[in-house]
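Hi there,

Have a look at it first, and then read on for what turned up.

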Amino acid sequence: MIPSVTLSNGAKMPIVGLGTWRAGEGKVTEAVKVAISAGYRHIDGAYVYENEQEVGAGIRAMVDQGGVKRDDLFIVSKLWCTFHMPSLVRGACEKTLSDLKLDNLDLYLMHFPMGAKPGDNFFPADENNMLIPDGSNFLDTWEAMEELVDDGLVKAIGVSNFNKDQIEAILNKPGLKHKPVTNQIECHPYLTQEKLINYCHSKGISVTAYSPLGSPDRPWASIDEPSLLEEPKIKAIATKYNKTSAQVLIRFHIQRNVIVVAKSATPHRIRENFQVFDFELSEADMKTLLSLNNNWRGFDIKWASTHKDFPLNTEY
């Protein structure tokens with residue numbers, strides 16, 4: 001059994017998941033099949049990744065082969081910014097379910113707190129290349145997401161890229177029916193997120209880390225940016241345990257009781273990223289990893305920095 005984190009709704013969320021962002025066309029189905037064969041039970045996707053049909057095909061193939069039961073899998077998707085108007089939420093979720101060929105999701109996240117102008121363009125931008133808002137309020141979007149739980153389309157709802165004040169706004173919302181079960185955020189030794197993680201945990205909200213390896217294949221990555229995988233202190237720790245830097249970076253989250261989503265479309269790396277339950281980082285090594293924090297973000301979402309709900313203007 002893979003270790004899991006128990007969410008506030010009682011569900012168990014496997015602590016390591018397969019990320020599917022930028023897993024190229026034609027590779028995603030295979031990646032999902034390899035992952036499930038390797039023991040993964042948590043698959044993280046999103047509408048905006050434009051590959052949910054392929055993710056669904058991989059899940060379906062493994063279920064049909066009898067390799068796994070649907071109920072043993074934990075499938076996550078995310079509501080994109082252009083569907084924040086409450087009247088659009090259900091249709092967006094139904095499209096994801098039909099692409100995945102599933103009856104329900106284990107978890108549906110609000111991908112970002114910012115609502116954007118509806119339409120076919122995922123990133124509607126003004127003349128300054130800034131996200132065009134839709135005038136929505138994420139509290140109203142949240143109410144529409146709560147209905148998805150009540151109607152059985154999703155078992156739980158959560159948020160992503162939310163700061164403390166934004167989470168607090170949901171928790172303090174009059175008539176709140178379902179509290180967010182997780183906040184999925186960028187997190188790694190260069191961005192340890194200690195205050196936000198402690199806050200979420202204090203409220204019974206789990207944290208899921210994305211970009212645990214720093215997403216070196218991001219299209220906007222620059223050559224001179226810091227590399228977690230090449231960081232000498234991380235490499236030294238990896239050598240000590242006879243593990244790879246990636247395995248150390250994933251294990252780092254597990255030991256903080258943080259769920260972690262690692263993306264790869266390469267079969268041997270998918271398997272390798274899951275071989276993280278047979279060693280434990282010492283307290284000293286955890287301290288070393290935490291000491292690398294410099295608040296560097298691979299995802300600074302500058303394209304939304306003028307939006308009223310831009311989340312990165314506060315300390316945490």
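The largest pocket has a volume of about 1,100 Å³. Its lining is made of 47 residues, and W21, R22, S215, R218 and F299 are the closest to the centre. Please keep in mind throughout that this is a predicted model. Two elements give two or more residues to the lining of this pocket: helix 8 (245-254) and strand 10 (259-263). Strand 10 gives the most, with three residues. Sorted by class, the lining of the largest pocket holds 20 nonpolar, 15 polar and 12 charged residues.

The second largest pocket comes in at about 350 Å³. It is lined by 23 residues, of which L191, Q193, R297, E315 and Y316 are the closest to its centre. Strand 8 (182-186) and helix 6 (194-202) each bring at least two residues to the lining of the second largest pocket, and helix 6 has the largest share with three.

How many cavities of 30 Å³ or more does the structure hold? There is one, and the volume of the largest cavity is about 40 Å³. Its lining consists of I43, D44, G45, A46, E52, V55, I75, V76 and L100. Strand 4, helix 2 and strand 5 (74-79) are the elements that give two or more residues to that lining. By class, the cavity lining divides into six nonpolar residues, one polar and two charged.

Helix 2 (residues 52-64) packs against helix 3 (residues 86-100) at an angle of about 45 degrees, and their axes are 7 Å apart. That angle is why helix 2 counts as oblique to helix 3. On the helix 2 side, the contact is made by E52, Q53, V55 and G56, which meet T96, D99 and L100 of helix 3. In class terms, this contact has two nonpolar, three polar and two charged residues. E52, V55 and L100 also line the largest cavity.

**Helix 1 and what covers it**

Which residues of helix 1 (residues 28-38) are buried? They are V28, T29, A31, V32, V34, A35 and I36. The cover over these buried residues includes strand 3 (16-19), strand 4 (42-44), helix 2 and helix 9 (267-272). Just after helix 1, G39 has a positive phi of about 115 degrees.

**Backbone points to check**

Most residues other than glycine have a negative phi.

- N257 is not a glycine, yet has a positive phi of about 60 degrees. N257 lies in the loop between helix 8 and strand 10. With a relative accessible area of 43%, N257 is partly exposed.
- N295, also a residue other than glycine, has a positive phi near 60 degrees. N295 sits in the segment after helix 10 (283-290). Its relative accessibility is 55%, so N295 counts as exposed, the cut-off being over 50%.

Notes. Residues are numbered from 1 along each chain as its sequence is written. This is a predicted model: local features need pLDDT of at least 70, side-chain atom pairs count only at pLDDT 80 or more; totals for chains, interfaces and linings use all residues. Side-chain values use heavy atoms; hydrogens and water are left out. On a 1 Å grid over the protein atoms alone, a cavity is a set of points where a 1.4 Å probe fits but cannot get out, and a pocket is an open set with protein on both sides within 12 Å along at least five of seven lines; lining residues have an atom within 4 Å of a point. Grid points are joined across faces, edges and corners, and a volume is the space filled by probe spheres set on the points. Helices (H or I, at least four residues) and strands (E, at least two) are DSSP runs, numbered from the N terminus. Ala, Val, Leu, Ile, Met, Phe, Trp, Tyr, Cys and Pro count as nonpolar, Asp, Glu, Lys and Arg as charged, and the others, Gly among them, as polar. Axes are lines fitted to C-alpha atoms, for helices over the stretch in contact, and angles run from 0 to 180 degrees between N-to-C directions. Angles under 35 degrees count as roughly parallel, over 145 as roughly antiparallel, 65 to 115 as roughly perpendicular and the rest as oblique. Contact means heavy atoms within 4.5 Å. Buried means under 20% relative accessible area, exposed over 50%, partly exposed in between (1.4 Å probe, protein chains only).
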